[in-house]
Amino acid sequence: MWDILRITFPFFALVLCGYLATRRGLLPLAAIPGLNAFVLFFALPCMLYRFGARTPIGQLLDPVAGGVYLLCALPLVAGGVLGLRALRCNWNDAAFGALVAAMPNSGFMGVPLLVALLGAQAAGPVILTMLVDMVCTTSLCIALSRLDGAGAHGAAVALRQALRGMSANPMPWATALGALASALQWQLPGPLDKTVAMLAEAASPVALFAIGAVLARAQMQQHERVRPVDYVPLALAKLFAHPLLVWLVGHAAQALGVPLAPQTLVALVLVAALPSASNVSLLAERFGAHTGRVAHVILVSTTLAFVSFSAAVAWLVG
């Protein structure tokens, strides 16, 4: 367990550093969008490109792994929506509550953390889960969020909005370019490759620091009271139900003879065990959903994940 904590502790410590720096005023709130922009448009795309270019194309386009992961995301979305609707939430709030329970922080945290734990072969499955979440899970939840105004803003309009948002997201484009470079066995020219490498190396520490800053900002700017029943079950579903579901479905697929490699299943389960994605709060704010609930789920899941994720690694990797 100590060997596992030696790897996971620095990642969560950087999140804590960003949180404390923001809470104590060392990092101005006005600087947080700049940090996010650097990670989203420069550092993280470079890191994803390099991982994509160095990963065999078959791992990036594994339909079995993608299907298993998607098959487990859909029940989480359905359960989250039904549970929040039972609490008399509208479709908009229910959809983004479900999204924050089903979407792990695979971009900012998952890729560097799982590669550090499992080696470079984990990059392919992790990037694949990001594509599934960005293309399928997010689009579905945005479409559901528009059902409140189905007369004027139907699912077709929501789908167009989702596709427009995805087209402006540099992460899938960077991954696709990396996959193309992998398929063609093409390398960047030396000076350009060095530039991309420097930006990629900055992605992990800055992204983790930015996660802490975003969590602190959400807590500082949240004035309305959020009941624990509105966010604790969602955080627990993310940390426990999601990885358990992936583990069960993955082993069932293997028992049926589906070609799912054991190391790929381990990577999928650990991705599912990650805390909720911090960018869901930005989406919720953009679409006018209950940002307080989403921020609380992200904060609680990130805090508890230091123990729960390390325990999952000990269970699966030992």
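The protein has 14 helices and 0 strands. Helices here are DSSP runs of H or I with at least four residues, strands are E runs of at least two, and both are numbered from the N terminus. The model is predicted, so local features need pLDDT of at least 70 and side-chain atom pairs count only at pLDDT 80 or more, while totals for chains, interfaces and linings use all residues. Residues are numbered from 1 along each chain as its sequence is written, and side-chain values use heavy atoms, without hydrogens and water.

Start with the whole fold. Along the principal axes, the C-alpha trace spans about 55 × 50 × 45 Å. Of the 318 residues, 53% count as buried. Buried means under 20% relative accessible area, exposed means over 50%, and partly exposed lies in between (1.4 Å probe, protein chains only).

Now follow helix H11, residues 228–255. Its 28 residues reach 39 Å from first C-alpha to last, close to the 40 Å expected. That expected span is 1.5 Å times one less than the number of residues. H11 bends by about 40° at alanine 237. The bend is the angle between axes fitted to the seven residues ending there and the seven starting there. Ala237 is also among the buried residues of H11, which include Tyr231, Leu234, Lys238 and His242. What covers the buried residues includes helices H4 (63–86), H5 (91–102), H12 (262–272) and H14 (291–316). Just after H11, glycine 257 takes a positive phi of about 85°.

Phe9, Phe12 and Phe306 form one aromatic cluster. Rings of Phe, Tyr and Trp (its six-membered ring) pair if their centres lie within 6.5 Å; planes under 30 degrees apart are stacked, over 60 edge-to-face, and the rest tilted. The count comes to 4 aromatic pairs. Phenylalanine 9 and phenylalanine 306 make an edge-to-face pair, 6.1 Å centre to centre, with 70° between the planes. Phenylalanine 9 lies in helix H1 (residues 2–23) and phenylalanine 306 in H14, so this pair ties together parts 297 residues apart in sequence. Phenylalanine 12 and phenylalanine 306 have ring centres 5.6 Å apart and planes at 70°, so this pair is edge-to-face. Phenylalanine 12 is buried, at 9% relative accessible area. Phenylalanine 9 is partly exposed at 48%, and phenylalanine 306 is partly exposed at 26%.

Definitions and conventions:
Contact = heavy atoms within 4.5 Å.
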